[in-house]
Amino acid sequence: MLPCFRTVKPFLVATVLAAGAVSASAQDGAPTVKVSVAAAYTEDLIDEVSFIGRGEAIDKVDIVARVNGFLQDVMVGDGQAVAEGDLLFRIEPDAYQATLEARKADLARAEASLELAGIELTRKQELVNRQASPQSEADVARANEKVAEAEVQAAQAAIRAAELDVSYTEISAPFPGRIGAVERSVGDIVGPNTPALVTLVREQPMEVVFSLSEKQYVALLEQIGTHATDEAFHERTPDVFVTLPNGNRLEEAGRVVFIDNRIDPTTGTIALRARFENEGRFILDGSFIDVTIQAMEPSQKLLIPLAAVQRDQRGDFALIVKPDQLVEQRYITLGRQHETSVVVADGMQEGEMVIVEGLQRVRPGVSVESVLAGSPAEGSAPAEDGQSDTSATE
């Protein structure tokens, strides 16, 4: 059997060497992978910072009855829009009207008493002047007249109070807006101590409350170049936009109308209010919405196509084609998205080429043939890559 082993071993060695030579030859002759690349570029963009805000009505009030009585009429329905002065409810006025008439009668009686007191004072004074009556009687008559004058004033005040009670039987809208659900029905007994009849909210304009960190607030003041208490502040504040819960951004821009005078120590933020005309009534009282505040002047930002960005456990990265056509994996710090591109805050320079197509066919360190994305030569890359893959398989 020993001669047999001596015969087979040289054959195996030759076969292995031949296979290695064929493999090396195939690798050296493999075509270079083509990829589409795009250059990192700079563009003037307006910086944006987003926050979570809350809609808050400028005017909101619970309509409460100011006098006790039976609810006689309900003039509005649930969710109805009303104008300032529109009649909403009427409380039965008969009892208050009767009280008003009684107070008017009290005034007439007091005025009559005052007139009589004046006549009595005149008579007593004449008797005193003729020395037919002591001075003390004139003094008493004068005091009686003052008492009668006070009774007239009290009666007049009682009439004004009764007139107010009568006016309170009709409840009107103090400002324009939209009411909520009507909580009472005709025949209910209502009064100052009963629950509200309805809630009225002013929908136009509407404010949005949000907060800035102390650092962001100082940067805002530096950009505006004025102090929050200056008269020119509100005319120079940056635009504020809101994004609705469905993801749509309102075209209408708001303006900052209020900045608080202290930092909240629990959150380290300061509260701001932005006012919107709210023409479409999309901003509701109490709703949570995304608020975006924009810088007043644009600044240059470095951008790359969003398609070039990948992510792993270390973070975001892009594959860069260096001038020697070798692929480099570069970890980058991203900013906000702008259309189909994304801002690169750190890790890249203008003009560097990032791979946007063919990412799955390359790895760091390999040599590639790059074609600018959108160029005529780009269309041939996939076909040649397919041929290359087939040859390699074969």
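Strand β5 (residues 69-74) and strand β10 are paired in the antiparallel sense over two bridges, where strands are DSSP runs of E with at least two residues, numbered, like the helices (H or I, at least four residues), from the N terminus, and two strands pair if DSSP finds at least two bridges between them. The model is a predicted one, in which local features need pLDDT of at least 70 and side-chain atom pairs count only at pLDDT 80 or more, while totals for chains, interfaces and linings use all residues. Residues are numbered from 1 along each chain as its sequence is written, and side-chain values use heavy atoms, with hydrogens and water left out.

Another open sheet has four strands in the order β4-β11-β9-β6, and the pairing is antiparallel. Its edges are taken by β4 (60-63) and β6 (81-82), each with a single partner strand, so that one side of each is left without a neighbour in the sheet. Strand β9 (residues 177-179) is joined to the antiparallel strand β11 (residues 198-201) by two bridges, and Arg-178 is found opposite Val-201 in β11.

Helix α3 (residues 135-168) comprises 34 residues and spans 50 Å from its first C-alpha to its last, close to the 50 Å expected at 1.5 Å a residue, the expected span being 1.5 Å times one less than the number of residues. The buried residues of α3 (under 20% relative accessible area, with a 1.4 Å probe and protein chains only) are Ala-138, Ala-141, Glu-145, Ala-148, Val-152, Ala-155, Ile-159, Ala-162 and Val-166. An α-helix has 3.6 residues a turn, so residues three or four places apart point the same way. The buried residues of α3 pack against α2 (94-129) and β8, contact meaning heavy atoms within 4.5 Å.

Ser-287 is placed in the loop between β15 (269-276) and β16 (288-294). A polar atom of the Ser-287 side chain lies 2.7 Å from the backbone oxygen of Leu-284. When residues up to four places away in sequence are not counted, Ser-287 touches Gly-53, Arg-54 and Gly-55.

How values were computed: Polar contact = N/O pair within 3.5 Å; in protein donor to acceptor, adjacent residues only side chain to side chain. Buried < 20%, exposed > 50% of the residue type's maximum accessible area, 1.4 Å probe, protein only.
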